[in-house]
Amino acid sequence: MKLSKSAYRAIACTLLIIAGGLYYFNKAELPPPPVVQEAKADDGSANITFFGSKIVEQQDGKKQWEVEAESVQMNPGTNRAQLINFQATLYRADGSKLHLVGRQAELDTKTRDIHMSGDIKATNSDGAVFTSATARWAAKERKFFGGGGITMTRGDTVVTGDRVEGDEQLEKVKVFGNARAVKGGTPQ
């Protein structure tokens, strides 16, 4: 059994939105908190598994994004797809790229929410880097959340905190709990 085209698109769109948002975290504003939900544990009932899966989307002959995972487990009964040891690359019109890696991601194909965990790291082609222990895209709220300790680095500016929240446009980013911005230094 194969993932439906819409499931691939949902996975890709969700990762694209999250990765695009991570790029803008370096414009950080530093204030108050929301709740970061932890990734739901795999119930082990996935009945379709793909190994070495790679999904690529192109538009007008240009690569838009690609996602690879060591394995993808799909459970049609729960509408969830779990990606193990994933990495994604997003290609922008200006030629820049965003590379995102993590140990695990779980997509709810019905709600389009995605939970990521395990050393989440996003690296922009300009050298900006975002790291967190967990991350979540809430499709209905159109918000991105990062948790478990976050670090955003661009040039010599380092922003750290317990959690981060970004709006749909990711023009407004909030860092919560032990928020700190250091220019010309390193995070502690």
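How many bridges join strand β2 to strand β3, and in which sense do these strands run? In this predicted model, 10 bridges connect β2 (residues 62-75) with β3 (residues 80-91), and the two strands run antiparallel. Within this pairing, S71 stands opposite I84 of β3. The two strands form a hairpin with 4 residues between them, and N79, located in the turn, has a positive phi of about 60°.

Strand β3 also pairs with β4, in the antiparallel sense and over 11 bridges. Here L83 has A105 of β4 as its bridge partner. The hairpin of β3 and β4 has 5 residues between the strands, and G95 in this hairpin adopts a positive phi near 95°.

Of the 188 residues in the chain, 43% are buried. The chain exposes about 9,600 Å², of which carbon and sulfur atoms supply 47%. Among contacts between residues at least 6 apart in sequence, 46% join residues at least 24 apart.

Beyond β4, T111 is located in the loop between β4 (97-108) and β5 (114-124). T111 counts as partly exposed because its relative accessibility is 39%, a value between the limits of 20% and 50%. The side chain of T111 reaches the backbone nitrogen of D113 at 3.2 Å. Although T111 and A10 are 101 residues apart in sequence, their C-alpha atoms lie 9.6 Å apart in space.

Conventions
Residues numbered from 1 in each chain as written. Predicted model: local features only at pLDDT ≥ 70, side-chain atom pairs only at ≥ 80, totals over all residues. Heavy atoms only, no water. Buried < 20%, exposed > 50% of the residue type's maximum accessible area, 1.4 Å probe, protein only. Contact = heavy atoms within 4.5 Å. Areas by Shrake-Rupley, 256 points an atom, 1.4 Å probe, with all protein chains shown as cover. Polar contact = N/O pair within 3.5 Å; in protein donor to acceptor, adjacent residues only side chain to side chain. Pairing = 2+ DSSP bridges.
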